[in-house]
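This report goes through one protein chain, part by part. Please keep the sequence and the 3D view at hand while reading.

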Amino acid sequence: MVLDKNTAKKTAELLLQINAIKLKPENPFSWASGWKSPIYCDNRIILSYPAIRNFVREEMAKQVESLYGKPDIIAGVATGAIGIGALVADFLGLPFIYVRPEPKSHGRKNQIEGQLEPNQTVVVIEDLISTGKSSLNAVDALTEAGAKVKGMLAIFTYGFDVAQSNFEAKNVSLNTLSDYEHLIEQASDTHFIKEDQLNALLEWRKNPSKWQQ
């Protein structure tokens, strides 16, 4: 869920501006899942632009507090959300940890890096939500370690139905700075895309796994 339309459109504008999100319906990207997609998102690029990373950091920090109050800890999902998660934690003056996709195979074999005590409250920071599977894997790891996960805040979501179902099934609250709907609205309003591109982007969103250009 997006909390603020203006923030959603501003975030979309900035992500397009620095090519963190690329829209190429005429030359689709191939995702690891095998899907053909007219959109590709890499929000780690935000870290290379101080003014934009500060905007994202402050907006996320404000939304953490307005949605969940001040948790004991901020957790980032590795690897994409380690940087922005640490920035949000720093802005809020809170400890930071991050969660690997799976435990290390050597050393202490940690899946959670950093200091986490049982019953501490945690807000999870994510950079991108597609199906939500890897994000919820991090929530599971935190819960198994005794944390009380208050919810998750991400920069961007594609808004897939499967993601919504996955988060609802786990009873995990998800909010995002921006989403596919506001991205396409912003791209259209500013003539970032042409009408034929807009139509292709809207068609993809209806059935992304079966889309062909």
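The model is predicted. On one side, strand 9 pairs with strand 8 (residues 121-129). The two strands are parallel, and eight bridges hold the pairing. Strand 9 also runs parallel to strand 10 (residues 174-179), with five bridges between them. Within this second pairing, Ala154 has Thr176 of strand 10 as its bridge partner.

Helix 4 (residues 133-144) forms a right-handed β-α-β unit together with strand 8 and strand 9. A further right-handed β-α-β unit consists of strand 9, helix 5 (residues 161-170) and strand 10.

## Val124 in strand 8

Val124 belongs to strand 8 and stands opposite Met152 in strand 9. Is Val124 buried or exposed? Its relative accessibility is 1%, and buried means under 20%, so Val124 counts as buried.

Leaving aside residues up to four places away in sequence, Val124 touches Ala75, Val77, Val139, Leu142, Val149, Gly151, Met152 and Leu153.

## A site listed in UniProt

UniProt, in an unreviewed entry, lists Ser130 under "binding site". Ser130 sits in the loop between strand 8 and helix 4. With a relative accessibility of 29%, Ser130 counts as partly exposed. Apart from residues up to four places away in sequence, the contacts of Ser130 are Tyr158, Phe160 and Ala163.

## The buried face of helix 3

Which residues of helix 3 (residues 82-92) are buried? They are Ile84, Gly85, Val88, Ala89 and Leu92. Viewed down the axis of helix 3, these buried residues fall within an arc of 140 degrees, so they line one face of the helix. An α-helix has 3.6 residues a turn, so residues three or four places apart point the same way.

The buried residues of helix 3 pack against several elements. These are helix 2 (50-68), strand 5 (73-77), strand 6 (96-99), strand 8 and strand 9. After helix 3 comes Gly93, which has a positive phi, near 70 degrees.

## Salt bridges

How many salt bridges does the structure hold? There are ten. One of them joins Glu185 and Lys5, with the closest N and O atoms 2.9 Å apart. Glu185 is in helix 6 (residues 180-189) and Lys5 is in helix 1 (residues 5-17), so this pair ties together parts that are 180 residues apart in sequence. Glu185 is partly exposed at 25% relative accessible area, and Lys5 is partly exposed at 42% relative accessibility. Both residues belong to a network of salt bridges that links Lys5, Lys9, Glu185 and Asp189.

Another salt bridge joins Lys62 and Glu59, where the closest N and O atoms are 3.1 Å apart. Both residues lie in helix 2, and they are three residues apart, about one turn of the helix. Lys62 is partly exposed, with a relative accessible area of 49%, whereas Glu59 counts as buried at 12% relative accessibility. Glu113 forms a salt bridge with Arg100, and here the closest N and O atoms are 3.0 Å apart. This pair links distant parts of the chain, 13 residues apart: Glu113 is in strand 7 (residues 112-113), and Arg100 is in the loop between strand 6 and strand 7. Glu113 counts as buried at 12% relative accessibility, while Arg100 counts as partly exposed at 24%.

Methods:
Residues numbered from 1 in each chain as written. Predicted model: local features only at pLDDT ≥ 70, side-chain atom pairs only at ≥ 80, totals over all residues. Heavy atoms only, no water. Pairing = 2+ DSSP bridges. Helix = DSSP H or I, 4+ residues; strand = E, 2+ residues; numbered from the N terminus. Right-handed = clockwise from strand over helix to strand, strands pointing away. UniProt positions renumbered as here; feature names shortened; annotations may be inferred. Buried < 20%, exposed > 50% of the residue type's maximum accessible area, 1.4 Å probe, protein only. Contact = heavy atoms within 4.5 Å. Arc of directions from axis to C-beta. Salt bridge = Lys/Arg side-chain N within 4 Å of Asp/Glu carboxyl O.
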